[in-house]
Amino acid sequence: MSDARPITTPMLANEHLIKLSLPEIDAKSYQCALGVLMYPMLGTHPDLTYSVTILGQHAANPGPNHQHALECVFRYLRAMRNHQLVYQCGTDAGITLHGFTDADWGSDVNDQRSTSSYVLMLAGGAISWSLKKQSAVALSSTEAEYIAGTHAAKEVIWLRQLLSNLKFLTSSVTTLYIDNQSVIAITKNPEFHDRTKHIDIQYHYLRRKVEEEEIDPQYVPTEDQPADILTKGLAHEKHDKFTQMMGVCCLD
């Protein structure tokens with residue numbers, strides 16, 4: 001793929017890959033190529049998280065459409081070869097841990113389950129990011145976002161403990177930006193119990209951490225929500241904006 005034509009996004013907007021019951025191409029070759037992408041996704045390119053995760057769900061039974069989508073990720077990487085995560089010191093943002101969390105309700109066309117995502121920031125760049133399919137079927141977008149918030153909260157608490165042990169945490173509360181105001185209301189107002197009593201108790205972890213003043217959920221508009229890049233394919237303009245917000249910059 002070293003001579004392939006570069007492209008500006010790793011996956012097309014609103015692209016959905018159908019699950020196959022049997023492989024239609026060489027599965028071993030597909031899996032090897034996918035494994036190569038795991039390294040940049042885990043270490044330096046949070047913008048690859050959605051693409052690699054979705055492609056990984058079809059590793060057992062790949063088809064021509066999956067192979068084409070895989071090749072698009074390599075073409076995107078060729079365009080991004082001079083980009084890397086950049087961290088900044090000496091600024092207020094540099095010493096403040098904060099994060100973004102998002103969910104894509106019922107996004108999987110194969111089983112209608114939602115996905116949770118988060119990206120946590122320090123020193124102007126992403127230090128932790130994740131995309132995970134939800135184990136429970138969310139009955140609304142608010143429920144999906146609430147489950148995603150809990151997913152992010154667990155990582156926030158772990159990072160707060162780590163930074164505290166390193167004598168680095170200076171803020172008494174960590175801001176978690178969410179683009180759903182109903183979720184913020186649920187975390188702060190117990191009167192919403194009737195709307196959430198069907199939700200598994202494990203997902204109320206976020207509310208408890210808000211009550212303990214370790215996490216402060218704040219609203220952020222969808223157009224300023226970089227975690228959105230982890231839940232779906234985006235158009236070039238949005239993809240480029242959110243990539244830069246996560247600290248992935250060109251050093252040329």
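Because the model is predicted, local features need pLDDT of at least 70 and side-chain atom pairs count only at pLDDT 80 or more, while totals for chains, interfaces and linings use all residues.

**Stop 1: H1 and H3**

Select residues 27-43 for helix H1 and 64-79 for helix H3. (Helices are DSSP runs of H or I with at least four residues, strands are runs of E with at least two, and both are numbered from the N terminus.) The two axes come within 11 Å and cross at roughly 35°. (An axis is a line fitted to C-alpha atoms over the stretch in contact, and angles run from 0 to 180 degrees between N-to-C directions.) H1 passes H3 in a left-handed crossing; left-handed means the near helix is turned anticlockwise from the far one by less than a right angle, and right-handed means clockwise.

Now show side chains. On the H1 side, Tyr-30, Ala-33, Leu-34, Val-36, Leu-37 and Pro-40 make the contact (heavy atoms within 4.5 Å). Their partners on H3 are His-66, Gln-67, Leu-70, Val-73, Phe-74 and Leu-77. Colour this contact by class and you get 10 nonpolar, 2 polar and no charged residues. (Ala, Val, Leu, Ile, Met, Phe, Trp, Tyr, Cys and Pro count as nonpolar, Asp, Glu, Lys and Arg as charged, and the others, Gly among them, as polar.)

**Stop 2: H4 and H5**

Next, pick H4 (141-165) and H5 (181-188), whose axes come within 9 Å and cross at roughly 60°. H4 and H5 are therefore oblique to each other: under 35 degrees is roughly parallel, over 145 roughly antiparallel, 65 to 115 roughly perpendicular, and the rest oblique. This crossing is right-handed. Thr-142, Glu-145 and Tyr-146 of H4 touch Ser-182, Val-183, Ile-186 and Thr-187 of H5.

**Stop 3**

Then move to the second largest pocket, at about 160 Å³. Its lining includes Ser-116, Lys-132, Lys-133, His-151 and Tyr-203. H4 turns up again here, giving the largest share of that lining, 4 residues.

**Stop 3: the cavity**

The whole structure has 1 cavity of 30 Å³ or more, and the largest cavity has a volume of about 60 Å³. Among the residues lining it are Thr-9, Met-11, Tyr-50, Ile-229 and His-239.

**Pocket or cavity?**

On a 1 Å grid over the protein atoms alone, a cavity is a set of points where a 1.4 Å probe fits but cannot get out; a pocket is an open set with protein on both sides within 12 Å along at least five of seven lines, and lining residues have an atom within 4 Å of a point. Points are joined across faces, edges and corners, and a volume is the space filled by probe spheres set on them.

Note on methods
Residues numbered from 1 in each chain as written. Heavy atoms only, no water.
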